[in-house]
Amino acid sequence: MAVALFSYKNRASRLHRIPALIKILMMFSFCIFCFMETSYEHIKLPACFAFSLILFFLARGNWMTLKSLPYVFVLGAFVTALRMFNFLPEFSFNREDFVWGILYTARLFITALACQVIFETTSSAQISDSLEQIEDRVARVIPPVKKLHCALLISLALNFIPLVFETWDKVHLASMARSPKKKNLVSATSILLSELEALLSCLIFKAETKRKAILNRGNYD
């Protein structure tokens with residue numbers, strides 16, 4: 001069975017015992033630092049990768065997770081192709097953008113691995129509670145912030161990430177069970193479009209359900 005990306009795993013690891021607020025702040029800080037372009041990338045990126053691996057071991061991560069991250073390289077290749085090929089006014093290849101694309105893909109993989117560890121060790125309820133704590137502290141200084149429900153919006157966005165991958169796994173597995181093994185390009189494209197349509201419908205329904213659940217749980221006005 002496929003490993004659900006960015007979904008919470010109830011284990012007894014050291015990272016599970018760290019407060020959710022610290023892990024969330026660490027995740028945002030790490031992602032910002034990793035994507036910052038510096039003059040010491042040859043040192044920073046290996047160090048960031050080593051840090052992600054340390055988090056992975058501390059969380060007692062499943063090695064199957066690494067096999068479930070091909071989208072990172074697909075997305076990186078797509079972004080790289082857009083940057084390095086110029087079609088107007090004439091076709092050309094930019095070597096500097098190719099190097100930039102390789103570094104972008106490396107950063108994306110490193111941060112995706114780190115975020116996977118954070119989401120595996122932090123439940124959606126812990127994320128919501130931590131964001132509400134931040135909002136309450138900010139609201140003491142800037143009271144109107146409480147009316148914007150920033151914690152609710154960010155919590156919905158973060159909790160939606162594992163939901164996308166979990167729903168896609170279910171839709172894709174159900175489609176594979178009902179589809180013929182031999183497919184031509186037309187039928188494969190039609191199946192993919194049907195899967196995406198089903199994914200979108202499921203996500204809209206689950207997003208509304210999760211929004212109502214968080215509203216009821218947090219007593220938002």
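User: How many helices and strands does the protein have?
Analyst: This is a predicted model, where local features need pLDDT of at least 70, side-chain atom pairs count only at pLDDT 80 or more, and totals for chains, interfaces and linings use all residues. Residues are numbered from 1 along each chain as its sequence is written, and side-chain values use heavy atoms, with hydrogens and water left out. Helices (H or I, at least four residues) and strands (E, at least two) are DSSP runs, numbered from the N terminus. From that end on, the elements run α-α-α-α-β-β-α-α-α-α-α, and the count is nine helices and two strands.

User: What share of the residues of the protein count as buried?
Analyst: Here buried means under 20% relative accessible area, exposed over 50%, and partly exposed in between (1.4 Å probe, protein chains only). The C-alpha atoms fill a box of roughly 55 × 50 × 40 Å, taken along the principal axes. Of the 221 residues, the buried share is 36%.

User: How far apart are the end C-alpha atoms of helix α2, and why does that agree with its 18 residues?
Analyst: The expected span of a helix is 1.5 Å times one less than its number of residues. For α2, residues 41-58, that rule gives 26 Å, so the distance found in the model agrees with it: 25 Å.

User: Which residues of α2 are buried, and why are they on the same side?
Analyst: The arc to look at is that of the directions from the helix axis to the C-beta atoms. The buried residues of α2 are E41, K44, L45, C48, S52, L55 and F56. They cover an arc of only 115° around the axis, so they sit on the same side of α2.

User: Which exposed residues are on the other face of α2, and which helices do its buried residues pack against?
Analyst: Turned away from the buried side is a face with the exposed residues H42, I43 and F57. For packing, contact means heavy atoms within 4.5 Å. By that rule, the buried residues of α2 pack against α1 (20-35), α3 (64-67) and α5 (95-120).

User: Are α2 and α5 roughly parallel or roughly antiparallel?
Analyst: Axes are lines fitted to C-alpha atoms, for helices over the stretch in contact, and angles run from 0 to 180 degrees between N-to-C directions. Angles under 35 degrees count as roughly parallel, over 145 as roughly antiparallel, 65 to 115 as roughly perpendicular and the rest as oblique. The axes of α2 and α5 come within 9 Å and cross at roughly 25°. That makes α2 and α5 roughly parallel.

User: Is the crossing of α4 and α5 left-handed or right-handed?
Analyst: The axes of α4 (residues 70-84) and α5 come within 9 Å and cross at roughly 155°, which means that α4 is roughly antiparallel to α5. A crossing is left-handed if the near helix is turned anticlockwise from the far one by less than a right angle, and right-handed if clockwise. While α2 and α5 have a left-handed crossing, that of α4 and α5 is right-handed.

User: Is E195 buried or exposed?
Analyst: You'll find E195 in helix α9, residues 185-218. Leaving aside neighbours within four places in sequence, E195 is in contact with W168, V171, H172 and S175. Its relative accessibility is 7%, so E195 counts as buried.

User: Which residues does S92 touch?
Analyst: S92 lies in strand β2, residues 92-93. With a relative accessible area of 28%, S92 is partly exposed. Not counting residues up to four places away in sequence, S92 touches M84, F85 and N86.
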